[in-house]
Amino acid sequence: MAVITIREALNQALREEMGRDEHVFLMGEEVGAYQGAYKVSKGLLDEFGEKRVIDSPITELGFAGLGVGAAMAGLRPVIEFMTFNFSILATDQIINSAAKMLYMSGGQFKIPIVFRGPNGSAYQVSSQHSQALESWYAHFPGLKVVMPSTPADAKGLLKSAIRDDDPVIFLEQERMYGNKGEVPDDPDFTVPLGVADVKREGTDATIVARSLTVPLALKAADELAKQGVSVEVIDPRTIRPLDIETIVNSVKKTNRVVIAEESHAFCGVGAEISAQLMERAFDYLDAPVKRVSGADAPMPYAKNLEKLALPDVERIVAAVREVAYL
Amino acid sequence: MSELKVKPLKPRGGGAEGAGAGVATEPAEPDTSNPDELHAEHQERQQHQRDSIEQLDRETLVRILYQMLLIRRFEEKAAEAYTLGKIGGFCHLYIGQEAVAVGSIAALRPDDYVMTSYRDHGHALARGTPPDEVMAELFGRAGGCSAGKGGSMHLFDRDNNFLGGHAIVGGQIPLATGVAFAEKYKGTERVSVVYFGEAAVNQGVFHESLNMAQLWQLPCIYICENNQYGMGTALKRAMSMSDVSQKACSYGMATEFVDGMDVLAVYEATKRAADRARAESQPTLLEVRTYRFMGHSMSDPGNYRTRAEIEKFQERDPVKVFAESLKQKQVLDDAALKEIEDRVRAEVEQSVKFADASPEPAPEELYTHIYANPIKQ
């Protein structure tokens, strides 16, 4: 197995799927000649040409809608948002068109489209460029929401998302593009949507983490192991549909849960997981579910404040100790 | 330098509250200033139609009249069914605008795509969706063209390449642009046609779409059905430069202003645009000036325009004008016209029977068609 970065893994997934199916095309700002704002689409223009790798004007609502229309006519668009902050302009087409077309047409028009790009914080890019929007998109039936945390998951899940017949919101993380990991060489390697992954097994407490917080949770688990606490780390990988079964099974074993997330806590994915655990695993919980979330404030610019706004290993360790009554 | 003169806005129609007629009582400014001009315009329209009739075969002409009459009678029946409580929610009627959908769709190929706004009954019928299925959809029944899940604003018919009614103002414009993109990508000669009201022109996505369509030379026809009111707001109260056809100039796009009360003028303009799309892969913006005789929706109080204004446009009734032209050119006589009328009435009556008899969607349908590839949890 090759060791590659998440950026390279995503690039491979795009290249392989575009090679596999000529209905797949990539559109977005700077995806072509510039090679991608974060270089995820590096080399694709040379390989597939201007017909299939299309630099769009800065017109998020327009090209999101164009993508949905192209999907109605049988193509499989991959629409890149330079960051998901800009997808806010496109939510009308994602939510009102993509998520509902199959339903309100009585099953006549499926929308096989992927909207992808970095979600969440980067490095000191302040309030308008640091938002984690998974709870927005996960709210709506009709959308699937995916958040990989490793190169293998990034590649396998993106390939599945492109092959899927439904609109998929594929949320990457700018801080993680350079993260390395092993990725299977098999060109048909995929990771199914809707299946959580146990990133580390443990017996004393469960941390449910996604995207940016998965590596943090694994470091916290290392730290806690030194303190004699065995932690299980679960990465749902797909937020909608959520593989709650895997989380519930873990809780039945550990009886304690911490949810680590980069997003704001209020009405967030952590709140949803917590509510579902109340409904499905209340009798197995020995402590209230604890969330470690991004600050309930817009993202500040100042480096020290930005650090305070994000979850870190120390806070996750403290939270696990709290639910374990240590 | 001359001083810029700003004309003050007229106050909204006074005395409308409680007015039984449901229209404003204050006379509005006519869009054609005097009776002579109106008369001349009418003569010109009829002369144009008589000339154009000679260019088309009888079958096409009769089908055009039949479709306009079908839409007119269907919508009248829908209004009746709405007041009886058989149709719920929003119901936007197409009465007065029939020439736009019928004339333009008659100029298309069956494999071209059609997409429109929430005022979509006329387009579905003109495209060939059976009246039974449209009425059943309005009734929220399983036999509806969207299985009872879309309703009045979301008619869909894949078999007839009717890609739906869309209910966020302007939302269908980038979608149709994407359909045109896909057909160009696939190398077909299929054209994508999208309808929207003039109020949608103020949405950003109209401009985003036209920019992309001209930039990438997409075979898309943008048909602005300018019925002169965005709900209750007159065009001049909402648009700084209200010559819609000229908006295309910002994008270097071909454009035409079309008389929407003349079904053959709409047909001809659409034909030119479709030829341009197919032969040159170029988009076109058509501003089709029309008028809706009914309210914005069934719940419209109608107090923003006068009875006189509505009556003035009713004199230009596109269905009557066209029927008259066909008679004058001896394409149809009274007996043939009555035959079409009878056929249309029978079909509309039948559509209500079909819709009444069609079952409600099964309860389990609530959770179907959410995902094409459902993932069991």
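Predicted model: local features only at pLDDT ≥ 70, side-chain atom pairs only at ≥ 80, totals over all residues.

Biologist: What is the radius of gyration of chain A, and what would a compact globule have?

Modeller: The radius is taken over C-alpha atoms, and the globule rule is 2.2 Å times the number of residues to the power 0.38. For 326 residues the rule gives a value near 20 Å, and chain A, at 19 Å, agrees with it. Along the principal axes, the C-alpha atoms of chain A fill a box of roughly 60 × 45 × 40 Å.

Biologist: How many helices and strands are there in chain A?

Modeller: Both are DSSP runs numbered from the N terminus: helices are H or I with at least four residues, strands E with at least two. Chain A has twelve helices and 14 strands.

Biologist: Which domains does the assignment give for chain A?

Modeller: Domain bounds come from an automatic or database domain assignment. Here they are domain 1 (2-183) and domain 2 (197-323), and 26 Å separate their centres, taken over C-alpha atoms. Contact means that C-beta atoms, placed from the backbone, lie within 7 Å; domain 1 of chain A gives 24 residues to the contact and domain 2 of chain A gives 23.

Biologist: At what angle do the axes of H1(A) and H7(A) cross?

Modeller: Axes are lines fitted to C-alpha atoms, for helices over the stretch in contact, and angles run from 0 to 180 degrees between N-to-C directions. The axes of H1 (residues 6-20) and H7 (residues 151-163) of chain A come within 8 Å and cross at roughly 25°. H1(A) is therefore roughly parallel to H7(A), a term for angles under 35 degrees. Residues that meet include Leu10(A) and Ala13(A) in H1(A), and Ala154(A) and Leu158(A) in H7(A).

Biologist: How many residues of chain A are in contact with chain B?

Modeller: There are 40 residues of chain A in contact with 35 residues of chain B. On the chain A side, H3(A) supplies the largest share, nine residues.

Notes:
Residues numbered from 1 in each chain as written. Chains lettered and ligands numbered in written order. Contact = placed C-beta atoms within 7 Å. Parallel < 35°, antiparallel > 145°, perpendicular 65-115°, else oblique.
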